[in-house]
Amino acid sequence: MKINRVELREIRLPLVHFFETSFGRTTTRRIVLVRAEADGVTGWGEVTCGESPFYNYETPETAWHILRDFLIPWTIGKGWRAASEVAACFRPIRGHNMAKAALENALWDIEAQQQGVPLARLLGGTLREIPCGVSIGIQNTVEELLEKIAVEGAAGYQRIKVKVKPGWDVEALARIRERFPSIALMADANSAYTLRDLAHLKEFDSFNLMMIEQPLGWDDLWDHAKLQRELSTPICLDESIHSAGDARKAIEMHAGRIINIKLGRVGGFTSARAVHDVCRENEIPVWCGGMLESGIGRAHNIALSALPGFTLPGDVSASQRYWKQDIIDPEVTVSAQGTIRVPEAPGLGFTPNLERIERLTVRKEAFE
Ligand code: OSB
Ligand code: MG
């Protein structure tokens, strides 16, 4: 695989409904896309960072810089035997996993097309359909939250995740349980608490939650281990797992009982698969997280979710929940049973719509 051209572009994509977490509200996404060409085949990747450095420290600007000045010059013009080789080449750069993932994942897309196999299969995926849940942000009122849960439940989604933060947590959860006593429910705090909130966090144990996601510091496994000893609800780690090594340490420390894998956060498919493998060896269930991706990142998430360790419903859901019009054809749809069918066509199995992407593009830079 000889990469002869890479194009970076930034698109602006307004969300159908604002998405609010403990760290803020998003209404329009700024998404950096990577388009790579090798031997006449085109592959796509997506930088999944937020607009501001709140989920992690990356932003569209830092990703553009790292891609333009380091990752692209390091990969272009070289012959690669496999997409799985580039992760080692990127290793000298500390962090910037979402920038790395965007380029690496584009090469996986190319390799799958070259081999004429679906990306999921190239990765070792075995599932033909993936179980789906939804992530519902903080709303203006609890009534609106309850209505959203009712809609998503009726659509068939297999579990509901709600965002929580101090002031929007036990009361909202109590109201949810009152109206929906038996739905599969979980809460995601995005690091909004500390161990000083221990007594408060213990109240979460009364809501029969599947898990509580990343209650404590984004870079803190130690305090999660302390908290897990005090909670009966399983802790799921999101922000603090960046590699297979982190996953191993978290498991050894009993910092949580479940891990959410995000392609961007861990630096691409090669690392994501390694995290999956460590978890599987240790019987830690995993599920695929989401970052409000466009269709391109969404297609990658679907391929990843086909690996056999993805036993819990993930945050990968239908395009129409996010976008009036997605940038891939067809868009991602979910069955009445709350599943997405893993495509069987070579590569992504979805076609990026160039004309639509071009219309949404606010800047572009090409490297030959
Ligand atoms: O913590 O999982 C998270 C969105 C942005 C940043 C962080 C998170 C999320 C989500 C949304 O929960 C998942 C999705 O629907 O894409
Ligand atoms: Mg999360």
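These questions and answers walk through a predicted model, starting at its ligand.

Q: Which residues come nearest to ligand 1?
A: A residue is near the ligand if one of its heavy atoms lies within 4 Å of it. There are 16 residues around ligand 1. Those that come nearest are S135, K163, N190, L292 and Y322.

Q: How do the residues of the shell around ligand 1 divide into nonpolar, polar and charged?
A: Tyr counts as nonpolar, and Gly as polar. Asp, Glu, Lys and Arg count as charged. On that basis the shell holds 6 nonpolar, 3 polar and 7 charged residues.

Q: How many Å from an oxygen atom of ligand 1 is an N or O atom in the side chain of S135?
A: A polar contact needs a pair of N or O atoms within 3.5 Å. The side chain of K161 has such an atom 3.0 Å from a ligand oxygen, and the side chain of D188 has one at 3.0 Å too. For the side chain of S135, the distance is 2.9 Å.

Q: What percentage of the area that ligand 1 exposes alone does the protein bury?
A: Ligand 1 sits in the largest pocket. Taken alone, it exposes 390 Å². The share of this area that the protein buries is 97%.

Q: Is Q228 buried or exposed?
A: Q228 belongs to helix 8, residues 221-230. Its side chain reaches the backbone nitrogen of I235 at 2.7 Å. The relative accessible area of Q228 is 5%, and the cut-off is under 20%, so Q228 is buried.

Q: Why does A87 count as partly exposed?
A: A87 lies in helix 2, residues 86-90. Buried means under 20% relative accessible area and exposed means over 50%, with partly exposed in between. A87 falls in between because its relative accessibility is 23%.

Q: Is Q214 buried or exposed?
A: Q214 is in the loop between strand 8 (212-213) and helix 8. Its phi is positive, about 40°, although it is not a glycine. At 0% relative accessibility, under the 20% cut-off, Q214 is therefore buried.

Q: Is H254 buried or exposed?
A: H254 lies in the loop between helix 9 (244-253) and strand 10 (258-261). This residue, other than glycine, has a positive phi near 55°. Its relative accessibility is 57%, over the 50% cut-off, so H254 is exposed.

Q: What is omega for the peptide bond from D329 to P330?
A: P330 is found in the loop between strand 12 (328-329) and strand 13 (339-341). The peptide bond from D329 to P330 is cis. Its omega is near -10°.

Note on methods: Residues numbered from 1 in each chain as written. Chains lettered and ligands numbered in written order. Predicted model: local features only at pLDDT ≥ 70, side-chain atom pairs only at ≥ 80, totals over all residues. Heavy atoms only, no water. Polar contact = N/O pair within 3.5 Å; in protein donor to acceptor, adjacent residues only side chain to side chain. Areas by Shrake-Rupley, 256 points an atom, 1.4 Å probe, with all protein chains shown as cover. 1 Å grid on protein atoms, 1.4 Å probe; cavity = no way out; pocket = protein on both sides within 12 Å on 5 of 7 lines; lining within 4 Å. Sits in = over half its atoms within 2 Å of the grid points. Helix = DSSP H or I, 4+ residues; strand = E, 2+ residues; numbered from the N terminus. Buried < 20%, exposed > 50% of the residue type's maximum accessible area, 1.4 Å probe, protein only.
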